[in-house]
Amino acid sequence: MKITQAIKEGKQPFKILSGENHNLKEPLVLVFGNRYLLEDDTLFNEVKELFPSGDIVLGSTAGEIIDDTVLQGGVSLTAIEFEKCHFSVKRKNVSEIDNELLLGQSLLNEFSKEGLKHIFFGIGR
């Protein structure tokens, strides 16, 4: 497994904190920050430029944790290249199914059960 971590403060570009190289092969890219920062298309495009083959997952937070520091008003990013396992990202809009239990079940049905070890759900409105 290879990991790259970065932070973004204000209008500054992402600052790579760890990881030799951010040219990871098909990484899972977890991006956490204030909801309003995450809604900005320029942020998503900046992440996509850093990790063009990545599956990008955004999550809003009241504080971003990176290493042993808690930030506010910024964005934290962790990109993970898995070497010995596979992952799949699925999504649905909450407007499609306005019942969180049914929404979760609908997403669950989209995953193959063969070789499945873990599922991580995040539901936002």
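Predicted model: local features only at pLDDT ≥ 70, side-chain atom pairs only at ≥ 80, totals over all residues.

Me: Why is Glu39 called partly exposed?
Reply: The relative accessible area of Glu39 is 47%. Buried requires under 20% and exposed over 50%, so Glu39, at 47%, falls in between and counts as partly exposed.

Me: What makes Arg35 partly exposed?
Reply: Arg35 has a relative accessibility of 44%. Because this value also lies between the 20% and 50% limits, Arg35 is classed as partly exposed.

Me: How do you know that Glu39 and Arg35 meet in a salt bridge?
Reply: Their side chains are 3.0 Å apart, N to O. The cut-off is 4 Å, so the pair qualifies. A search of the whole structure finds two salt bridges.

Me: Why is the contact of Lys8 and Glu46 called a salt bridge?
Reply: The N to O distance is 2.8 Å, which is within 4 Å, and therefore the pair counts. It links distant parts of the chain, with Lys8 in strand 1 and Glu46 in helix 2, 38 residues apart. Both Lys8 and Glu46 are buried.

Me: What makes Lys8 lie over the face of Phe14?
Reply: Lys8 is at 5.8 Å from the ring centre of Phe14.

Notes: Residues numbered from 1 in each chain as written. Heavy atoms only, no water. Lys NZ or Arg CZ within 6 Å of the ring centre and 35° of its normal. Helix = DSSP H or I, 4+ residues; strand = E, 2+ residues; numbered from the N terminus. Buried < 20%, exposed > 50% of the residue type's maximum accessible area, 1.4 Å probe, protein only.
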